Amino acid sequence: MSRRRYRIERVNAELKSERRSRWKIRENPLVSGIERVYSVRDNNFSRGNSWEFIVRVPNRRGESIEVRPSVVPNVRAWAGLDRRALMFERVTKGRHRGDCYCKVALADPTGERTRLIARTDEKKRLPYWFGSLRARMRSKEAIRHTRGTDSESLVMIVPADNHQEMIALFLAAKAWVLKERFHFRNRNS
């Protein structure tokens with residue numbers, strides 16, 4: 001375990017460039033928008049803390065904002081993180097309408113799964129570094145109409161233009177979980 005306690009505010013993102021672009025998300029048609037490249041320094045670590053992230057903001061308001069690392073430090077626990085992304089959707093109901101949210105999807109340090117999506121009843125089981133963010137956590141059904149079975153998924157609300165915070169959430173849910181080998185659930189739950 002680290003001697004220092006992780007804090008979201010120790011992550012600094014600086015915009016390097018932006019360009020018009022088109023990209024594909026899963027099997028969906030091409031999405032057009034702006035691709036922003038950020039140089040990121042995670043000051044929670046003394047070394048191995050320089051990252052580069054791409055934030056893809058679609059032209060259409062109803063499309064997802066994609067946040068993914070493009071350059072990952074050479075740390076064994078983070079191998080493959082450049083193939084992972086956090087997707088931010090628009091909040092469509094309640095007082096946060098117009099902001100974005102993402103599911104609280106933690107990396108699985110066992111390697112059995114790519115992610116573990118937290119439910120609202122699991123909020124207290126999250127790593128301690130999510131403590132300062134609890135006020136912005138909601139159930140998905142509280143902020144967006146849902147037709148699927150994910151209405152009790154725990155989500156995090158972020159202002160739509162706060163890319164630094166989106167990047168910090170990626171690091172909190174993926175990199176820090178893997179580095180600390182945080183086990184969110186037992187194998188049977």
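Predicted model: local features only at pLDDT ≥ 70, side-chain atom pairs only at ≥ 80, totals over all residues.
In strand 6, Tyr101 is the bridge partner of Glu89, and this pairing belongs to an antiparallel contact between strand 5 (residues 86-90) and strand 6 (residues 100-103) that runs over two bridges. Eight strands make up an open sheet with antiparallel pairing, while the largest nonpolar core holds 47 residues and the structure contains 10 aromatic pairs.

**The sheet**

- The eight strands follow the order 1-2-3-4-5-6-10-9 in the open sheet, and their pairing is antiparallel.
- Strand 1 (11-23) and strand 9 (137-139) stand at the edges with a single partner strand each, so one side of each has no neighbour in the sheet.
- On average, and with direction ignored, neighbouring strands of this sheet are turned by 30 degrees against each other.
- Strands of a sheet pair through backbone hydrogen bonds, in either a parallel or an antiparallel sense.

**Strand 5 and its partners**

- Arg90 has Cys100 in strand 6 as its bridge partner, alongside the bridge between Glu89 and Tyr101.
- Strand 4 and strand 5 also pair in the antiparallel sense, here over three bridges, and Ile65 stands opposite Phe88 of strand 5.
- Strand 5 is mostly covered, since four of its five residues are buried.

**Helix 2 across the sheet**

- Helix 2 lies across strand 1, strand 2 (31-42), strand 3, strand 4 (65-71), strand 5, strand 6 and strand 10 (154-158), and helix 2 runs at about 120 degrees to strand 3.

**Nonpolar cores**

- Within the largest nonpolar core of 47 residues, Phe88, Phe130, Leu171 and Trp176 touch the most other members.
- The elements that give two or more residues to this core are strands 1, 2, 3, 4, 5, 6 and 10, together with helix 2.
- A second, separate core consists of five residues, among them Tyr101, Ile143, Val155 and Ile157.
- When residues up to four places away in sequence are not counted, Trp176 touches Tyr6, Arg7, Ile8, Val11, Asp42, Asn44, Phe45, Trp129 and Leu171.

**Aromatic rings**

- Of the 10 aromatic pairs in the structure, one is formed by Phe53 and Phe170, whose edge-to-face arrangement has 5.4 Å centre to centre and 75 degrees between the planes.
- This pair links distant parts of the chain, with Phe53 in strand 3 (residues 50-58) and Phe170 in helix 2 (residues 163-180), 117 residues apart.
- Phe53 counts as buried because its relative accessibility is 0%, and Phe170 is likewise buried with a relative accessible area of 0%.
- Tyr128 and Trp129 form another edge-to-face pair, at 5.1 Å centre to centre with 80 degrees between the planes.
- In that pair Tyr128 counts as partly exposed at 34% relative accessibility, whereas Trp129 is buried with a relative accessible area of 5%.
- Ring pairs join Tyr6, Phe45, Trp51, Phe53, Trp78, Tyr128, Trp129, Phe170, Trp176 and Phe182 into a cluster.
- The charged end of Lys179 sits over the ring of Trp78, at 5.8 Å from the ring centre.

Note on methods: Residues numbered from 1 in each chain as written. Heavy atoms only, no water. Phe/Tyr/Trp six-rings, centres within 6.5 Å; stacked < 30°, edge-to-face > 60°. Buried < 20%, exposed > 50% of the residue type's maximum accessible area, 1.4 Å probe, protein only. Lys NZ or Arg CZ within 6 Å of the ring centre and 35° of its normal. Pairing = 2+ DSSP bridges. Axes fitted to C-alpha atoms, helices over the stretch in contact; angles between N-to-C directions. Contact = heavy atoms within 4.5 Å. Core = buried A, V, L, I, M, F, W, Y, C linked by side-chain atoms within 4.5 Å.
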